[in-house]
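Welcome! Take a moment to turn the model around on your screen, and then let us walk through it together.

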Amino acid sequence: MFIGRERELNSLNNHYNSGKFELFCIYGRRRVGKTELIKEFIKGKKAVFFTGVEDTKRINLSELSGSIREALYGSKSKAIYADFKEAFTDICEYAKKEHIVLVIDEYPYLAKSYPGISSLLQVEIDHKLKDTNIFIILCGSSMSFMETQVMGHKSPLYGRRTGQIKVLPFDFETSRKFYACGTNLEQAVVFGVTGGIAKYLQLFNNDKNLSENIKNNFLNSDEPLFEEPTNLLNQELREPALYNSIITAVATGSSKVNEIETKTHLKSSICVKYLKNLIELGIIKREIPVGEKPTSKKSIYRLNDGMFRFWYRFVYKNLSKIRLGFAEQVYDDISGQIPDFMGEVFEQICMEYMWKTKLPFSVSEIGRWWGNNPIKKSEQEVDLIAIAGSGDKAVFCECKWRNEALGKSIIEGFLENCAMFSLYKEKHYYFFSKSGFTTGAMEYTKNRDDIRLIEFREMF
């Protein structure tokens, strides 16, 4: 069953129905669901689907030849075109008569085996294909390659693209559909440990409870997620061991470059370079306090991938135990820590809720904030702040994923801390709680129009 991606499919179909030449770029991290999106889009359409492979130019030409002949002519012939130009010429002649889709999946692999492919494609588009009703899709998992070598201004294909989609992980609202048998709380955990990645969500079995799914997927040495981070690093990077040390440092609390350098014993220049590569892969993110300029020196690094966060926190240090078959013991050890792990996940869910719900004013940005409180003369954090486009209004949010109800003292303390934000003329306060609110909290806020109490079960 295909789930989600309605907006992406609508965009693709709108371009498909334009009646003219289209060149679409689709990119995103591995396992996010790019290929499944394309397969869903081409259902019922005449389409050539070719996947580039990490092999020679000749092997790729052979595979493309077979894909073209089978899709367009129903032929199982193993005859190979003389070159890629002849292959594109044949497609072009067919496209003059019939509306077709040409998909080149894993385009970076093809370009690696034949560096001149983008230049050739540019010539074919300019002289032949642009006058046909062909829909070309170039898809790739190497985001830096797709952004620079395909869509960048130095690419031969620059100016020919008619659309692009960066396929992102699913949000919570969509992710929960993959584990429909679970409660809202269980669906939130599934979202947290998969990071909303389509491939990982599909591994969760609706006929099994949450604990069984976690043990089967993460704590079983025979299953893909047991070694998924290691396999991804080996597949994407030349020096996986060094990248692994950086991820481990960030996962264990090192958030600033100097802290990561100290823990990994890497030079600053190398550390920054590797962090940039991990950001391009979607594994790590650089974060600045909301409201700060992009060049802010207050930036920190955090794991951006939920599966990596879970794996490095709970699986990595238990690899030996898991290989020996002690899944039950490992799960007993980590189950009590999952609520703490979910704190950051809940912030993300609350942010999604904020973007989708009606706020007191139009918002331009939402994010975490940290910095110095000049009143208390101490470091302070705010889970989320939503800032109006005008810059003079804000909603301050406290997000608590705890088993106990949120009490009056938490609210009072939060309001006191937010007094430092004198820049905003209009302030509102949202309190999100997994387990509801105490009677004292509800009594304290019942006459406050600027305060909202939101229980998790009411959010979706």
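In what order do the five strands of the open sheet lie? Reading across this predicted model, the order is β2-β3-β4-β1-β5, and the pairing is parallel. At the edges you will find β2 (47–51) and β5 (163–166), each of which pairs on one side only. On average, neighbouring strands of the sheet are turned by 15° against each other, direction ignored.

Now look at one pair of strands. Strand β3 (residues 101–105) runs parallel to strand β4 (residues 135–140), and four bridges link the two. In this pair, I104 stands opposite L138 in β4.

| Helix | Strands | Angle to β1 |
|---|---|---|
| α1 (residues 6–16) | touches β1 (22–27), β3, β4 and β5 | about 160° |
| α7 (residues 143–150) | lies across β1, β4 and β5 | about 150° |

Finally, have a look at the largest pocket, with its volume of about 1300 Å³. It is lined by 48 residues, and the closest to its centre are L168, P169, K285, N304 and Q348. Which helix gives the most to this lining? That is α19 (residues 338–356), with eight residues. By type, the lining of the largest pocket holds 21 charged, 17 nonpolar and ten polar residues.

Key
Residues are numbered from 1 along each chain as its sequence is written. This is a predicted model: local features need pLDDT of at least 70, side-chain atom pairs count only at pLDDT 80 or more; totals for chains, interfaces and linings use all residues. Side-chain values use heavy atoms; hydrogens and water are left out. Two strands pair if DSSP finds at least two bridges between them. Axes are lines fitted to C-alpha atoms, for helices over the stretch in contact, and angles run from 0 to 180 degrees between N-to-C directions. Contact means heavy atoms within 4.5 Å. On a 1 Å grid over the protein atoms alone, a cavity is a set of points where a 1.4 Å probe fits but cannot get out, and a pocket is an open set with protein on both sides within 12 Å along at least five of seven lines; lining residues have an atom within 4 Å of a point. Grid points are joined across faces, edges and corners, and a volume is the space filled by probe spheres set on the points. Ala, Val, Leu, Ile, Met, Phe, Trp, Tyr, Cys and Pro count as nonpolar, Asp, Glu, Lys and Arg as charged, and the others, Gly among them, as polar.
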